[in-house]
Amino acid sequence: MTYGSRSSRIRVLVAEQAALRGGRVGVVDVCTAAVAALPVGGAGMSAMSPATASHPLCGTDEISEQLEELQLTLGEGPCVDAFTYGSAVLAPDLRTGELRDRWPVFAGAALDAGARAVFALPLQMGAISPGVLDLYAHVPVRLDAEQLADALAFADLATLLLLDARIDEEGGPSGDGDGAATGRGPDEDLGGYRAEISQATGVLTVQLGVEIDEAFVRLRAYAYAHGRRLTVVAADVVAHRLRFSPDAEPTRADDDA
């Protein structure tokens with residue numbers, strides 16, 4: 001199968017998912033179409049950047065959402081490696097000693113969450129890499145050559161959608177000018193996760209007097225240390241239920257009462 005015919009087929013599958021959802025094509029449709037077409041149980045996507053806080057974009061189920069947050073919180077896992085090295089990371093069985101050694105914390109946490117296999121595909125266009133598409137399976141599984149090619153085609157389409165969304169947010173052209181290229185609507189707010197995590201990170205730069213990268217590290221470290229989801233901690237910071245201090249441990253509003 002040629003790349004062009006594969007790409008066209010993938011676009012049709014994604015468009016069908018958008019039609020079922022009743023919205024414009026978006027990254028959530030890429031994830032749901034990938035799950036329907038491949039031997040996986042779920043899919044998730046995270047926007048990643050070396051300069052700003054990374055954040056989950058979407059997940060098809062609770063497990064995929066957990067896997068996205070786990071990797072961003074722990075700073076390890078297939079998603080992190082795929083973004084760092086710019087190549088697909090295939091983990092067909094997380095129970096193997098090799099993968100447990102590679103991701104000593106993530107592998108166990110992912111197994112506890114219900115994942116046995118994880119495949120991370122970087123979203124890339126030239127030197128631009130806006131994130132990673134993750135696929136997981138409930139049982140150990142290997143993608144054959146055709147399935148891997150399809151997975152990469154889904155990642156390529158997700159890259160185009162994310163870049164279109166970024167252009168639109170920055171006020172530049174975005175297809176027909178009304179946001180159709182981004183697929184954003186009431187069922188999919190691409191900025192939802194980003195807004196809260198970015199807001200929280202900004203708050204911490206003031207509370208701690210540090211740069212944005214260090215603020216995100218502190219946010220992530222708190223979430224990991226307390227076994228809480230990154231988005232939940234971010235929401236607490238934004239709502240002033242949780243306050244960080246450069247000279248003391250973070251305090252919660254209910255602790256002060």
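**Notebook: helices, bridges and cores**

I started with Q207, which counts as buried because its relative accessible area is 11% (buried means under 20% relative accessible area, exposed over 50%, partly exposed in between, with a 1.4 Å probe and protein chains only). Before going on, I noted that this is a predicted model, in which local features need pLDDT of at least 70 and side-chain atom pairs count only at pLDDT 80 or more, while totals for chains, interfaces and linings use all residues. Residues are numbered from 1 along each chain as its sequence is written, and side-chain values use heavy atoms, with hydrogens and water left out.

**Entry 1**

I placed Q207 in helix α8, residues 192–208 (helices, H or I of at least four residues, and strands, E of at least two, are DSSP runs numbered from the N terminus). What does the side chain of Q207 reach at 2.8 Å? I found the backbone nitrogen of F244 there. I count that as a polar contact, meaning a pair of N or O atoms within 3.5 Å; within protein, one must be able to donate a hydrogen and the other to accept it, and residues adjacent in sequence count only if both atoms are side-chain atoms. Leaving out residues up to four places away in sequence, Q207 touches R243, F244 and P246 (contact means heavy atoms within 4.5 Å).

I then followed the chain into the strands. Strand β6 (residues 242–245) and strand β7 (residues 248–252) run antiparallel and are joined by 3 bridges; two strands pair if DSSP finds at least two bridges between them. They make a hairpin with 2 residues between the strands. S245 stands opposite A248 in β7.

**Entry 2: helix α3**

I checked the length of α3, residues 62–74. Its 13 residues should span 18 Å at 1.5 Å a residue, and the end C-alpha atoms are 18 Å apart, so the two agree; the expected span is 1.5 Å times one less than the number of residues. I listed its buried residues as I63, S64, L67, E68, E69, Q71, L72, T73 and L74. An α-helix has 3.6 residues a turn, so residues three or four places apart point the same way. After α3 comes G75, with a positive phi near 75°.

**Entry 3: D81**

I went on to helix α4 (residues 78–85), which holds D81. Is D81 buried or exposed? D81 counts as buried, because its relative accessibility is 13%. The D81 side chain makes a polar contact with the side chain of R102 at 3.1 Å. Not counting residues up to four places away in sequence, D81 touches G86, V89, R102 and W103. I also looked at V132, which is 51 residues from D81 in sequence and 9.8 Å away in space, C-alpha to C-alpha.

**Entry 4: salt bridges**

I counted 9 salt bridges, each being a side-chain nitrogen of Lys or Arg within 4 Å of a carboxyl oxygen of Asp or Glu. One of them joins the side chains of E146 and R6 (3.1 Å, N to O). E146 lies in helix α7 and R6 in helix α1 (residues 3–21), so this pair ties together parts that are 140 residues apart in sequence. I placed E146 in α7, residues 145–169. E146 is partly exposed at 44%, whereas R6 is buried at 6%.

A second bridge joins the side chains of D150 and R9 (2.6 Å, N to O). This pair too links distant parts of the chain, with D150 in helix α7 and R9 in helix α1, 141 residues apart. D150 counts as buried at 9% relative accessibility, and R9 is partly exposed at 31%. Through shared partners, salt bridges join R6, R9, E146 and D150 into one network.

I noted one more bridge, between D93 and R95, with the closest N and O atoms 3.1 Å apart. R95 is partly exposed at 47%.

**Entry 5: the cores**

Which residues have the most contacts inside the largest nonpolar core? I found L67, L94 and L219, in a core of 36 residues. Helix α9 (residues 212–225) gives the largest share of this core, 5 residues. A nonpolar core here is a set of buried Ala, Val, Leu, Ile, Met, Phe, Trp, Tyr and Cys residues joined through side-chain atoms within 4.5 Å.

I looked up L94 as well: leaving aside neighbours within four places in sequence, its contacts include L99, W103, L111 and V118.
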